[in-house]
Amino acid sequence: MTAYTPAALVLEDGRIFRGEAYGKVGRTLGEVVFTTGMTGYQETLTDPSYHRQIVVQTAPQIGNTGWNDEDDESDKIWVAGYAVRDPARRPSNWRSTRSLDDELTNQGVVGISGIDTRTLTRHVRELGAMRGGIFSGPELVSDEQMVAAVKDSSEMVGASLAGDVTTGKSYVIPANGQKRFTVAALDMGIKANTPRMMAQRGIEIHVMPLASTMDEILEIAPDGLFLSNGPGDPATTDAQVELTRQALDRKLPLFGICFGNQVLGRALGRGTYKLQYGHRGINIPVIDQETGRVAITAQNHGFAVEGEPGEEFDTDFGRAIVSHHCANDGAVEGLRLLNGPAFSVQYHPEAAAGPHDAAPLFDKFVDLMSEAR
């Protein structure tokens with residue numbers, strides 16, 4: 001049993017939560033956000049969309065199922081820091097190969113346990129996501145020094161982070177069985193299960209770097225373009241917005257999720273803004289404007305597209321509609337061109353982790369590509 005090492009989670013407004021070091025001992029800085037999923041912590045930690053964020057788990061017990069080598073959504077843990085209330089003393093799952101604490105330590109992730117995550121969540125919910133830091137061991141200095149370090153750190157507004165998480169070079173995920181389509185996937189922080197879900201539908205996926213040009217995309221003769229999830233402020237994606245506009249001009253079937261929804265929104269002339277505390281979890285209700293059906297979705301975003309539920313608006317590519325909205329706060333959760341082959345959603349249909357209500361969106365993308373042939 002490791003020795004007790006005091007730690008503190010410090011917010012930029014001066015609020016301090018004291019607990020015990022969890023994972024690596026040291027210091028880390030980032031935006032403090034909370035996620036409401038009761039399961040799927042391994043997928044959360046390895047989601048590139050959490051880059052430069054300190055993630056607070058609202059579920060009190062974390063680490064019960066340990067860590068395995070199969071559920072990672074990327075090749076590393078991306079969170080800047082991790083805060084939990086009651087970490088499991090030992091994992092208990094037939095797939096587990098090591099504990100969550102060990103994996104955080106192995107990958108150099110500074111965390112904290114034993115804090116009142118309910119109070120911390122209420123604080124962030126009421127005052128908004130804010131900069132913070134976790135300090136432990138020799139880095140646990142005076143309150144004034146820790147608060148000053150947090151206030152000195154970078155803000156999420158204006159942060160260009162997709163370039164940190166994108167692939168360095170293109171790679172191909174082959175279709176399962178007979179190949180039906182070729183898709184260029186712009187990697188802004190893509191999760192591993194997304195290409196797998198498309199491959200199951202006969203799609204060969206070419207995952208391409210963030211800076212890819214239209215000429216490079218056209219070289220693979222794609223049937224469609226996929227805009228992935230990713231971290232940071234969508235206002236920093238001018239090059240990707242221009243690429244999207246070129247795809248819309250060519251009427252190349254297009255499907256975007258999460259960050260990709262925001263990129264499409266900007267390409268259609270909409271603005272984006274920072275939500276007070278964002279949507280993060282695997283239990284967020286979304287209403288489909290066309291059918292009125294509610295889907296329970298997996299989400300991870302701190303920014304949103306401007307618009308009202310069901311709103312129709314003019315774009316350079318024809319009329320578009322806000323096709324989906326969040327039942328909790330009315331935020332835009334989907335966009336669709338009314339007379340063009342392009343749509344997007346603000347949530348994660350690959351459901352890793354999360355519910356499977358949105359999986360048919362991949363089938364909708366297939367239908368779109370079939371109609372364009």
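This is a predicted model: local features need pLDDT of at least 70, side-chain atom pairs count only at pLDDT 80 or more; totals for chains, interfaces and linings use all residues.
How much area do domain 1 and domain 2 bury between them?

The chain splits into two parts: domain 1 covers 6-152, and domain 2 covers 162-372. Their C-alpha centres sit 28 Å apart. Domain 1 brings 24 residues to the contact, and domain 2 brings 22.

Now the answer. The two domains bury about 1,800 Å² between them. Carbon and sulfur atoms account for 48% of that area. Why quote an area at all? Because the size of an interface is often given as the accessible area lost when the parts come together.

Look at E73 and R196: their side chains meet in a salt bridge, at 3.9 Å from N to O.

Which elements supply the domain 1 side? Two to point at: β3 (27-35) and α3 (117-127). Each gives at least two residues to the side that touches domain 2. By class, that side of domain 1 has nine polar, eight nonpolar and seven charged residues.

Last, the record. An unreviewed UniProt entry annotates residues 5-135 as "domain: Carbamoyl-phosphate synthase small subunit N-terminal". In the model, residues 5-135 are 34% strand and 18% helix.

Conventions
Residues are numbered from 1 along each chain as its sequence is written. Side-chain values use heavy atoms; hydrogens and water are left out. Domain bounds come from an automatic or database domain assignment. Contact means heavy atoms within 4.5 Å. Buried area is the accessible area (1.4 Å probe) that two parts lose on being put together, summed over both. A salt bridge is a side-chain nitrogen of Lys or Arg within 4 Å of a carboxyl oxygen of Asp or Glu. Helices (H or I, at least four residues) and strands (E, at least two) are DSSP runs, numbered from the N terminus. Ala, Val, Leu, Ile, Met, Phe, Trp, Tyr, Cys and Pro count as nonpolar, Asp, Glu, Lys and Arg as charged, and the others, Gly among them, as polar. UniProt positions are given in the numbering used here, feature names are shortened, and annotations may be inferred rather than shown by experiment.
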